[in-house]
Amino acid sequence: MPIELRDVTYTYMKGTPFERTALQNVSLTIADGSLTAIAGHTGSGKSTLVQHLNGLLHPTKGEVLVDGVNLAGKKEEAGLARRKVGMVFQYPEQQLFEETVAADIAFGPKNLELSEDEVNRRVRSAMEFVQLDYETYKDVSPFRLSGGQMRRVAIAGVLALKPDYLVLDEPTAGLDPQAREELLRRIVDLHRKKKLTIIVVSHNMEDIARMAERVVFMHDGHVLVDAPPSKAFLADEKMREAGLTAPPTVALLSILRDKGLQVDADAFTADEAVKRILKAIQKKGGAKC
Amino acid sequence: MLTDITIGQFFPGTSILHRLDPRAKLLLLLVLMAAIFVFDTPGGYAVLTGLALLLAATSGVPLSMYFRSLRPLWWILAFTFLIHLCATPGEVFFHFWIFDMTKEGLSRGFFLCLRLTLLILFSSLLTFTTSPLSLTDGMERLLRPLKVVGVPAHELAMMMTIALRFVPTLIEETDTIMKAQQSRGADFSTGNALKRVRHLVPILVPLFISSFRRADELATAMEARCYRGGEGRTRMKELHVGGIDYAAAGVTALLFAAMGAMKMAGI
Amino acid sequence: MALDHVDLSIEEGEFVAILGTNGSGKSTLAKQLNAILLPTSGVCRVAGMDTRAAERLWDIRQTVGMVFQNPDNQIIAAIVEDDVAFGPENLGVPSDEIRRRVDESLAAVGMTSFRGFAPHLLSGGQKQRVAIAGTLAMKTKCLVLDEPTAMLDPVGRREVLETVRRLHRESGITVVYITHFMEEAAAAQRIVVMEDGKIVEDGSPKAIFGRVDAMRKRGLDVPLAAEVAWKLQKQGIQLPENIVTNEELAVALCR
């Protein structure tokens, strides 16, 4: 069953001079098992949008359904539905608070009132998944870890809730290239191996291009583009309107094409770009242009 | 939602109140507050209420904001009124169970509530029309003479400036941390008092840690920009007392004379 | 040991980018440049002034302005123009001169129309431009930026980089720019790569990014064009050495 947003409008500080509409009539369905990226510049409404997905915000108008259940509902059912959606905020390491890594990751499962055995099992498997060795790190203070490791602890804390859907807001922000690479690989693994439905919010087009199956561009509180990457990233005008830049591969190949090389621009990794260029050169019979 | 709170609400504008020097406004506020207690006659209250309403109407701030500023006091006002209504000896006009409501109580309750309301209104008039920065600036200048007796005027003002600057940032951060912990199943709204206090740990610890980091980084940034205390410091915006401030003081003095006369005449 | 026997000399008017993974000593190096940190051994001189000389401290900090990573934690005042005035106020500059400097500095970073704004209403890129204006108002000759774009979105990153490039080009300001973004480093005239507190590479962007393998081994990226060119060469395509930008690759392929 999917996550469904039906005609959602959200207004901050309604009824004051500071009133501001952050989302306007947004309708969106996130299919089971998909990996969707939501992009948009700061203030486009993307962060407001994802906070609707687990009921942190309720629409001013419209409704949000998770597996067919309205999140704004009062019944226990709505609470359970909200729990199905795991949320990793931007800079999640800033929410760590426990004395040890294991205790921090256990915070979520303990709130679910699971048995101690089950909590431990979940902590262990979540740590394994983010590649933090259980025995080495379980008793370490999270505040003694490196930035990249702290982020992985925070993500493990959400994974331990065993959500069906996982929302990540700017997961790679502030990481160095190596840590970023590793984290992206883990996210793709979560999707492929654990069959999690993943929603990534990011303004890093390179990250998005490399992993998303579907791309949603937000602008001014509404959905501007909703398409597979091969289409979305080639929509130059829409991207400019949304204040976004094409992924580096698309930018590079577009320049080559402008200069006269007959190359397809729909490549999202360096290797794909190389293949496209080789193909274009071969078509020309080895001549470069 | 937490970010819906408006703290240190300042509404930029060009009304007379906006144009007054912050020092003049602070002093006038003190004087008016004193007046509320000194000129406690119906005539005095009429003048003060009229002044408050006139200033509020011309301040360019939405009137609904003044009502909002009174809202947290609603219960206190109602309670004060009822206590005085029923506990003041005098001519009983209504009897209910063990309560005797008196005419004297009615008027006393009313005036006490009016007094509280006026206090809030005058303070709101100040904070709504004065930017936090010029407010701290004004305070620093007013406190400066007290430096000889050891009041650290500059340091106090700098602390207030930084506090005001970071209120919105901290509200936003608290909001994010709360949402993040809620997303991990934390529940802040149920359980007994002890439980609720324990629920605060996952919010407060990250908040403290990040505040310390902020303070550290901010101190470095201030030093990098040659901050070395108030000694030898100049200001871009020097405060100037102008005609409008003297006029305001004059008008206030006139009102005082009028209220004084009314009090003596027993109105 | 955060820095290990580092020898480095930056000329007036240079634009130097410093690269390195987290924990390589980049930030420690940056903080040496305006005497926030002092060398345990060795000497750091700024425009001839020894950073350990307490009596020159304020001259040094005025000469070298710093912009830090977190835009929120370096804006002190609750209004943009008051924040820009903070530096010159500390230096005891007369108030009409401060006003002039604040106006000039805000204009130089294109933030004049935001002068009366509260900082929390600005975007990250705008906040960083305010921070840059704050150093300009002290008549800074050298700008040290410690990962100024790490917390920004692409629009903000572009704003900051363009502002810095323009200041370098038009006002001749010396720039030391620490970053993780290779496209930003490619804008510099010279790149210094750090690892474990040591300087391991020092050269032009072309020379540094030309060695894709070496950069990868250090856990660093190279601009996409350099990587693609390198991979094409491995596939037997004849290309000139040292391709760094998209345009260079296009010219090489389409000549």
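**Briefing: domains, an interface and a helix pair**

In chain B, the centres of domain 1 and domain 2, taken over C-alpha atoms, are separated by 34 Å. Please keep in mind that this is a predicted model. Below you will find the domains of chain B, the side of chain B that touches chain A, and a pair of packed helices in chain C.

**Domains of chain B**
- Domain 1 of chain B is assigned to two stretches, 1–130 + 241–267.
- Domain 2 of chain B covers 152–225.

**Where chain B meets chain A**
- On the chain B side, 18 residues are in contact with 21 residues of chain A.
- Two helices of chain B, α8 (153–183) and α9 (193–224), each supply at least two residues of the side that touches chain A.
- Which helix gives the most to that side of chain B? It is α8(B), with seven residues.
- Sorted by class, the side of chain B that touches chain A holds eight nonpolar, seven polar and three charged residues.

**A helix pair in chain C**
- Two packed helices are described by the angle between their axes and the distance between the axes.
- For helix α3 (residues 80–90) and helix α5 (residues 124–136) of chain C, the angle is about 35 degrees and the axes lie 7 Å apart.
- α3(C) and α5(C) cross in a right-handed sense.
- From α3(C), the contact is made by C:V80, C:D83, C:V84, C:F86 and C:G87, while α5(C) brings C:V130, C:A133, C:G134 and C:T135.
- By class, this contact of α3(C) with α5(C) has five nonpolar, three polar and one charged residues.

Note on methods: Residues are numbered from 1 along each chain as its sequence is written. Chains are lettered from A and ligands numbered from 1 in the order in which they are written. This is a predicted model: local features need pLDDT of at least 70, side-chain atom pairs count only at pLDDT 80 or more; totals for chains, interfaces and linings use all residues. Two residues are in contact if their C-beta atoms, placed from the backbone, lie within 7 Å. Helices (H or I, at least four residues) and strands (E, at least two) are DSSP runs, numbered from the N terminus. Ala, Val, Leu, Ile, Met, Phe, Trp, Tyr, Cys and Pro count as nonpolar, Asp, Glu, Lys and Arg as charged, and the others, Gly among them, as polar. Axes are lines fitted to C-alpha atoms, for helices over the stretch in contact, and angles run from 0 to 180 degrees between N-to-C directions. A crossing is left-handed if the near helix is turned anticlockwise from the far one by less than a right angle, and right-handed if clockwise. Domain bounds come from an automatic or database domain assignment.
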